[in-house]
Structures are given as C-alpha cells and as structure tokens.
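Subject: Structure handover

Hello,

Here is the structure I said I would pass on. My notes follow below it.

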Amino acid sequence: MSDTAVTPSTATFDQFGLAPDILKAVKESGYTIPTPIQEQAIPVVLAGRDMMGAAQTGTGKTASFSLPIIQRLLPQASTSASPARHPVRALILTPTRELADQVAANVQSYAKHTALRSAVVFGGVDMNPQSEQLRRGVEILIATPGRLLDHVQQKTANLGQVQILVLDEADRMLDMGFLPDLQRILNLLPKERQTLLFSATFSGEIKKLAATYLRDPQTIEVARSNSTATNVTQMVYEVAEGDKTAAVVKLIRDRGLKQVIVFCNSKIGASRLARSLERDGVVATAIHGDRTQNERMQALDAFKRGEIEALVATDVAARGLDIAELPAVINFDLPFNAEDYVHRIGRTGRAGASGDALSLCSPNERKQLADIEKLIKRPLDVQHLTVDAPVRHHHEERPPRRERVDGRAEGRDERGGRRRPGASSSGSFDRPHHHRAQPVDDFFLKPYEPSAASVRKVEEAAASSAAAPQKSSSKQPLAALLGGFGMPRKSSSSS
DNA sequence: AAAAAAC
C-alpha cells in the first residue's frame with residue numbers, strides 16, 4: 001500500500017495490450033488504474049513466464065492473473081458448442097469454497113465479453129450441475145482440490161490440456177494439508193504449461209513447492225506480506241473472558257458499526273456468539289465449516305447485501321474474502337497463529353478505505369498477543385475495556401435445543417446429511433470421517449523432489465525480490481528443508 | 001489448541 005503512496009502510478013490498463021473486449025469489462029468493473037501487483041504481474045503472465053507472487057487479496061491479485069490469462073486464451077476461444085473445442089485450458093485452485101466462488105465471479109465478469117467459458121467446482125454442493133457444465137465445456141476452471149479430483153475420477157473433468165495453472169493462497173493450501181491433493185492434480189497436468197503461485201509468505205515449504213513445480217519463476221512482490229495496511233487502526237481491549245460477548249455488543253453500539261466480521265477460534269464458539277448477539281439485538285449469523293455450504297453462502301450473501309450486522313466467523317473467512325466497505329473486524333479470540341491475525345484484519349480497510357481492527361484479549365491470551373506484536377514488529381495499543389452492565393444469559397453455556405424454522409435442530413446434522421437407514425445408532429455418524437477410502441490410482445505416486453537447478457533458481461528468484469518475507473524459522477537453507485516434507489509414500493514409511 | 005477440505 002505504501003508503495004502506491006510514494007510513487008503514484010500514472011499507468012492505465014491500456015498499456016498492457018489487452019484485447020478491447022477485456023478492457024471493456026475492466027472499465028465496467030470500475031477500474032481505471034492498475035494496482036502495483038497488476039502493473040508488475042500482468043506483463044509477466046502475458047509473456048508466458050512462471051511466477052511466484054507475494055500479495056494478499058484486496059491488492060488486486062485476482063485481476064492480476066485473470067486478465068492476462070483471459071488474454072492468452074483468447075485466440076483459442078471458439079464459438080462452437082462442441083465440448084471438444086472447450087477443454088480446460090486454465091485451472092485456478094483455491095483453499096476454500098467461498099474463495100473459489102469469489103474468484104469465479106471475478107473471472108466471469110472479466111471474460112463476459114469474450115467467448116471464453118468459465119466454471120467453478122467445489123464440495124458441499126450437488127455434483128451434477130457442475131458435471132453438466134463441465135460436459136458442455138469450459139476453458140477456465142476454478143476449483144477447490146478435493147472436488148476437482150472427484151470430477152477427475154468421475155471423468156467429468158479432463159486436465160490433459162491445461163496450459164496455465166494458478167495456485168492461489170498456496171501457503172494456506174499447504175497449511176490445510178492439501179499437498180497430497182495438489183500433487184495428484186499437478187501430476188495430471190501437461191509438463192509444458194505456465195504455473196503461477198500466490199502466497200502470503202515464501203516459507204521453506206512454499207519454496208520447495210515452487211522448486212518442484214515451477215520453471216524459472218519470476219518473483220513479484222508488493223507490500224511486505226507480514227505488514228498490515230496503514231489505513232487499518234488496530235486496538236486491543238483487555239477484557240475478562242466472560243465479558244467478551246458484552247464487549248462485542250458494546251463495541252458495535254459505541255462505535256455505531258453498521259457491519260462487522262467477528263472472528264472466533266472455534267466453530268462452536270462462533271455459533272454460540274452469533275446466538276448471544278441475536279439475543280442482544282444484533283442481527284448476526286455464523287459462518288464456519290460445520291454449517292452446510294448452502295448456509296455458508298446464504299450467510300455471506302446476506303452479509304454482503306447488508307442484511308446482517310455481525311458475521312461471526314472462524315478462519316474459513318480469514319483469507320481472501322472481499323467485502324466492500326467493511327468498516328471493522330473484531331477478534332473475539334486472538335488467533336493461535338499470528339499470521340492469521342494479519343489475514344483477519346485484512347478483511348477491513350480494503351481498496352484504500354480506512355478500517356478498524358478491534359481485538360479482545362483475555363488474560364490467558366497474552367502469549368498470542370505477544371506473538372502478533374512480534375510478527376507485525378510493533379506493539380499494539382492495549383486498553384482496558386470495562387463492560388458496565390455485563391450481559392449474562394442463563395442459557396449461555398447450553399442454549400435450548402429448539403427446532404428451527406427450517407425444521408432442523410440447531411447443532412445437529414448441520415451438513416443436512418441423512419442417516420443411513422439401518423446404520424448403527426452408536427453415534428459414530430456425528431464424528432468426522434478421518435479415514436477416507438484411499439482410491440487405488442497411481443497418478444499421484446510420482447516423486448516429489450525438485451532438481452538442484454530448480455531449487456537454485458527459486459532461491460535466486462526469492463532472494464532477488466526486495467526483502468522477501470521470511471519466517472524466522474525458515475532462514476535455514478532450502479536443502480535442509482527438503483528431507484522433512486513428510487509425504488505419504490506408497491507403502492507406509494518409517495516416519 | 002483450531003480450522004479447512006470429497007462422496
């Protein structure tokens with residue numbers, strides 16, 4: 001952000017040589033001046049080079065790869081209805097379903113005046129409409145990894161002609177354990193392709209991923225990734241754990257916040273807080289991984305439409321979500337992972353607007369606070385918050401289990417799944433399935449080791465990027481990190 | 001410690 005302030009860009013989108021149909025869509029989106037990352041990335045992508053990008057959403061990241069991708073695919077766009085003429089040419093992978101949906105909406109709008117077709121596939125929703133769309137043919141596919149592999153196995157998606165791959169929020173995908181899925185997908189793609197990797201940090205793991213799957217990548221970086229936007233005012237309120245709900249209500253009322261995202265560390269905590277806020281007259285709803293995809297999308301849409309004051313979320317909403325003019329975020333809990341703090345507060349103060357990041361800190365969260373201050377390299381302003389009339393609810397801990405208007409009891413079977421008739425009633429269905437049946441396929445058993453030359457090039461690229469962000473733990477040479485990547489081998493290894 | 005993601 002500070003980059004823009006120091007050297008205001010006088011560039012326009014016209015300078016990139018994008019097709020008129022693309023520029024028209026850009027104009028209709030209301031954009032006139034490229035952001036720093038767009039200015040740097042668009043020429044690199046147009047030139048067909050691999051790229052590692054350090055940038056967060058809200059910096060214009062999505063357009064920085066979608067616009068040049070559309071341009072590059074344009075000559076192949078066909079008006080023929082034959083699916084064979086519409087193989088997947090560009091694949092964009094994201095860690096969460098909401099992010100996939102959002103990226104897809106952007107791609108759709110940028111490509112609307114072209115003959116290119118795009119589609120999005122992710123889990124939690126019916127596969128059939130997705131399969132039908134794939135059958136009709138799409139050039140640009142946006143997906144979460146699991147559902148994409150599902151489509152591959154069902155033979156509804158063919159990745160054999162992908163020319164451009166984008167790994168969005170790659171660090172997040174690794175955090176979430178997507179590496180095996182990513183490997184399977186990557187091994188299905190043609191070797192001759194362009195690969196773009198976006199990540200908040202260039203950790204050792206990210207560098208190894210890049211060294212293995214990218215070819216001589218160019219590094220693009222805007223705004224150091226662990227820095228927080230200067231237009232976001234950060235405040236920490238010391239408050240007793242039991243007063244947190246009242247504190248949230250007080251902050252919303254005192255500051256007259258029209259809309260706010262409140263982050264919790266647990267799914268149960270988020271549901272509970274949403275209910276408590278509702279009882280205190282705040283229109284609130286929860287969004288987290290135990291709600292059905294339908295509920296998640298409805299919650300997000302209603303929030304975007306302004307029908308909901310407080311969106312109470314887990315870290316499913318911490319990254320990437322772009323909600324215009326969000327005046328504030330509140331951390332009900334401080335995140336265990338300091339980096340998540342940066343991502344959470346990045347939901348406010350977007351596109352140059354100002355925003356407030358208000359964090360509640362109970363006495364047992366001091367360590368998390370210290371970790372955050374260490375990461376952002378500055379102390380945070382801490383104030384004691386007195387809650388004048390603590391709002392206590394007798395049923396706070398265990399709200400009555402009441403049938404909701406949709407006929408389901410809250411908190412049970414939220415995925416909308418139906419119990420199998422005749423299944424044992426031992427209650428095992430309420431537990432997540434940890435051991436998914438491992439499909440017998442061999443396409444993901446190829447080795448995951450970068451060549452020495454590739455490692456060198458990634459190291460050089462990362463080093464040449466000014467002040468490439470490094471986690472202190474990843475200062476060691478890449479080679480030292482290569483051994484312990486912990487990949488599942490075909491037959492169980494000693495690890 | 002917790003979250004996310006395929007039936």
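Which strands does helix H10 lie across, and at about what angle does it run to E6? Helix H10 (residues 204–213) lies across E1, strand E5 (164–167) and E6, and runs at about 175 degrees to E6. Please keep in mind that this is a predicted model.

Chain A as a whole

Chain A has 495 residues, and 52% of them are buried. The chain contains 17 helices and 14 strands. If one takes the contacts between residues at least 6 apart in sequence, 77% of them join residues at least 24 apart. The accessible surface of the chain is about 23,400 Å², and carbon and sulfur atoms account for 51% of that.

The sheet with E1 to E7

Seven strands form an open sheet with parallel pairing, in the order E3-E4-E2-E5-E6-E1-E7. At its edges are strand E3 (118–121) and strand E7 (218–221), each of which pairs on one side only. From one strand to the next, the twist averages 15 degrees. In general, strands of a sheet pair through backbone hydrogen bonds, either parallel or antiparallel.

Strand E5 can be followed to its partners on both sides. Strand E2 (residues 90–93) pairs with E5 in the parallel sense over 4 bridges, and Leu91 has Leu165 in E5 as its bridge partner. E5 is also joined to E6 by 4 bridges, and these two strands run parallel. Here Leu165 stands opposite Thr195 in E6. E6 (residues 194–198) is in turn joined to strand E1 (residues 51–54) by 3 bridges, again with the strands running parallel. Met52 has Leu197 in E6 as its bridge partner.

Which way do the side chains of E5 point, and are they buried or exposed? Ile164 and Val166 point one way, Leu165 and Leu167 point the other way, and all are buried. In a regular strand the side chains alternate between the two faces of the sheet.

What does Ala119 touch, leaving aside its neighbours within four places in sequence? Ala119 is in contact with Gln133, Val138, Ile140, Leu141 and Ile142. Leu18 is 101 residues away from Ala119 in sequence, and their C-alpha atoms are 22 Å apart in space.

The sheet with E8 to E14

A further open sheet of 7 strands has the order E10-E11-E9-E12-E13-E8-E14, with parallel pairing. Its edge strands are E10 and strand E14 (382–384), and each pairs on one side only. The twist here averages 25 degrees from one strand to the next.

Within this sheet, strand E8 (residues 232–238) and strand E13 (residues 355–361) run parallel and are joined by 7 bridges. Thr233 has Asp356 in E13 as its bridge partner. Helix H15 (residues 366–376) lies across E8, E13 and E14, and runs at about 160 degrees to E8.

Helix H5 (residues 97–110) has 14 residues, which at 1.5 Å a residue should span 20 Å; the end C-alpha atoms are 20 Å apart, so the two values agree. Its buried residues include Glu98, Leu99, Ala100, Gln102, Val103, Ala104, Val107 and Tyr110.

The check on helix H13 (residues 293–304) goes the same way: its 12 residues should span 16 Å at 1.5 Å a residue, and its end C-alpha atoms are 16 Å apart, which agrees. Buried residues in H13 include Gln293, Glu295, Arg296, Ala299, Leu300, Ala302 and Phe303. What covers them? The cover includes H5, strand E9 (260–263), strand E10 (284–287) and strand E11 (310–313). Just after H13, Gly306 takes a positive phi of about 85 degrees.

An annotated stretch

UniProt, in an unreviewed entry, places the feature "short sequence motif: Q motif" at residues 11–39. In the model, this span is 45% helix and 0% strand, and its end C-alpha atoms lie 8 Å apart.

Regards

Conventions: Residues are numbered from 1 along each chain as its sequence is written. Chains are lettered from A and ligands numbered from 1 in the order in which they are written. This is a predicted model: local features need pLDDT of at least 70, side-chain atom pairs count only at pLDDT 80 or more; totals for chains, interfaces and linings use all residues. Side-chain values use heavy atoms; hydrogens and water are left out. Two strands pair if DSSP finds at least two bridges between them. Axes are lines fitted to C-alpha atoms, for helices over the stretch in contact, and angles run from 0 to 180 degrees between N-to-C directions. Contact means heavy atoms within 4.5 Å. UniProt positions are given in the numbering used here, feature names are shortened, and annotations may be inferred rather than shown by experiment. Buried means under 20% relative accessible area, exposed over 50%, partly exposed in between (1.4 Å probe, protein chains only). Accessible areas come from the Shrake-Rupley method with a 1.4 Å probe; for residues, only the protein chains shown count as cover. The expected span of a helix is 1.5 Å times one less than its number of residues.
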